[in-house]
Amino acid sequence: MAGVTSVKVKESLDELVQQLQQVETPKDKERLQVLYWLKQEKPPSIGAIAKAIGKHRNTVGNIAIQ
């Protein structure tokens, strides 16, 4: 979805932490980590998240909306 500037994360921070501890695949861990960062009260910018996971900022948006 091009031009997405905000994403609503349904899960709570606690739920995301629990899920992060249970997943095994790197792809799932990466996705949950991005959702965790976005759910924080003051989330980092998409650019900062992209740099942290080594992906392009457009990819981060796609990860979040899957």
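1. Basis of the values. Because the model is predicted, local features need pLDDT of at least 70 and side-chain atom pairs count only at pLDDT 80 or more, whereas totals for chains, interfaces and linings use all residues. Residues are numbered from 1 along each chain as its sequence is written, and side-chain values use heavy atoms, with hydrogens and water left out.

2. Overall make-up. The chain holds four helices and zero strands, in the order α-α-α-α along the sequence; helices (H or I, at least four residues) and strands (E, at least two) are DSSP runs, numbered from the N terminus. Of the 66 residues in the chain, 20% are buried, where buried means under 20% relative accessible area, exposed over 50%, and partly exposed in between (1.4 Å probe, protein chains only). Among contacts (heavy atoms within 4.5 Å) with a separation of 6 or more, 41% join residues 24 or more positions apart.

3. H1 against H2. The axes of helix H1 (residues 13-22) and H2 come within 10 Å and cross at roughly 160 degrees; axes here are lines fitted to C-alpha atoms, for helices over the stretch in contact, with angles running from 0 to 180 degrees between N-to-C directions. The two helices are therefore roughly antiparallel to each other, on a scale in which angles under 35 degrees count as roughly parallel, over 145 as roughly antiparallel, 65 to 115 as roughly perpendicular and the rest as oblique. The crossing of H1 and H2 is left-handed, that is, the near helix is turned anticlockwise from the far one by less than a right angle, clockwise being right-handed. Leu 13, Leu 16, Val 17, Gln 19 and Leu 20 form the H1 side of the meeting, and Lys 29, Leu 32, Gln 33, Leu 35, Tyr 36 and Lys 39 the H2 side.

4. Lys 29. This residue of H2 counts as partly exposed, at 38% relative accessibility. Leaving aside residues up to four places away in sequence, Lys 29 touches Leu 20, Val 23 and Glu 24. Lys 29 and Gln 19 are ten residues apart in sequence, with 8.6 Å between their C-alpha atoms.

5. H2 against H3. The axes of H2 and H3 come within 11 Å and cross at roughly 150 degrees, and the pair is therefore roughly antiparallel, with a right-handed crossing. From H2, Glu 30, Val 34, Trp 37 and Leu 38 meet Ile 46, Ile 49, Ala 52 and Ile 53 from H3.

6. Not counting residues up to four places away in sequence, Val 60 touches Val 34, Ile 46, Ile 49, Ala 50 and Ile 53.

7. Salt bridge. A search of the whole structure finds one salt bridge, defined as a side-chain nitrogen of Lys or Arg within 4 Å of a carboxyl oxygen of Asp or Glu. Glu 30 and Lys 55 form this bridge, with their closest N and O atoms 4.0 Å apart. Glu 30 lies in helix H2 (residues 26-39) and Lys 55 in the loop between helix H3 (46-53) and helix H4 (57-65), so the pair ties together parts that are 25 residues apart in sequence. Lys 55 counts as partly exposed, at 35% relative accessibility.
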